[in-house]
Amino acid sequence: MKQPLILLDDTTSFPPADFAQSEPNGLLAIGGDLSTNRLVEAYSHGIFPWYCEDEPILWWSPDPRCVFNLTDQKPIHISKSLRRNLKKDNYRVFINRDFDKVISSCSMPRAKQAETWILPEMQMAYCELNEQKVAHSIEVYNMDNQLIGGLYGVSLGKFFFGESMFSKTADASKIALAHLVYHLQQAGFILIDCQIPNAHLYSLGAVDISRSNFLHLLEHHRNWQQPPDLFTVGKEIFHW
């Protein structure tokens with residue numbers, strides 16, 4: 001039997017994620033707001049917002065869930081061309097150096113994409129999460145100190161919930177992801193959540209896990225205390 005779509009009220013609570021509909025896959029609730037408290041509550045229970053202009057706020061928890069499993073020895077596939085670019089000395093990778101610019105760059109529509117879901121109100125909400133040290137960006141700069149790629153997401157416990165990435169030069173977003181994977185593995189994280197799968201993510205090594213398994217792991221690891229210097233503003237990540 002299809003679950004009814006739940007209308008959120010003024011509280012920040014959500015229905016259980018496994019109440020989500022199977023078609024469209026993962027649609028759980030509608031309405032509410034993008035306040036910091038509501039967003040943290042959502043991510044803490046495996047739920048995220050995703051909607052387009054002129055739509056109400058829609059909340060999702062798909063099954064299965066697409067992730068990078070950081071407990072694997074090689075959670076990300078490094079192609080030969082990417083490995084060559086990673087070994088070059090013509091870029092630097094930083095954390096939280098310019099979150100606003102990263103999310104703004106991610107909001108630019110891609111080729112063959114008519115619109116973006118990273119609307120101005122979404123940008124404002126995640127910038128506030130960044131101020132609260134919940135959302136973070138990984139940035140790739142060239143040697144002229146120009147931002148050429150990066151990604152951003154939300155971090156709770158041993159989970160990093162990836163939201164979006166962008167590239168202005170070949171492999172720049174992949175370089176950001178590769179450095180994030182290494183950085184989080186060193187800290188003891190277990191998953192990078194990619195939310196909804198696509199061929200590009202699979203080519204990079206992402207895998208599917210069931211929503212029930214995802215929620216089980218999240219429940220057990222969301223309250224883990226992260227190292228205080230893990231996402232220090234302006235911190236440089238060294239690897240390769």
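Because the model is predicted, local features are described only at pLDDT of at least 70 and side-chain atom pairs only at pLDDT 80 or more, whereas totals for chains, interfaces and linings use all residues. Residues are numbered from 1 along each chain as its sequence is written, and side-chain values use heavy atoms, with hydrogens and water left out.

Strands (E, at least two residues) and helices (H or I, at least four) are DSSP runs, numbered from the N terminus. Strands count as paired if DSSP finds at least two bridges between them. S6 runs antiparallel to strand S7 (residues 135-142), with five bridges joining the two, and Tyr 91 stands opposite Asn 142 of S7. Strand S12 (residues 236-237) is also antiparallel to S6, through two bridges, and there Glu 236 is the bridge partner of Phe 94.

Turning to the rings, the structure holds 12 aromatic pairs. Rings of Phe, Tyr and Trp (its six-membered ring) pair if their centres lie within 6.5 Å; planes under 30 degrees apart are stacked, over 60 edge-to-face, and the rest tilted. Tyr 126 and Tyr 152 have ring centres 6.0 Å apart and planes at 70°, so they form an edge-to-face pair. This pair links helix H4 (residues 120-131), which holds Tyr 126, to strand S8 (residues 147-156), which holds Tyr 152, across 26 residues. Both Tyr 126 and Tyr 152 are buried. Phe 161 and Phe 214 are likewise edge-to-face, at 6.5 Å centre to centre and 75° between the planes.

Arg 65 lies over the face of Phe 214, 4.2 Å from the ring centre, and the charged end of Lys 158 sits over Trp 224, 5.2 Å from the centre of its ring.

Finally, Asn 198 occupies the loop between strand S10 (191-195) and helix H6 (199-203). Its relative accessibility is 36%, so Asn 198 counts as partly exposed.

Notes. Buried < 20%, exposed > 50% of the residue type's maximum accessible area, 1.4 Å probe, protein only. Lys NZ or Arg CZ within 6 Å of the ring centre and 35° of its normal.
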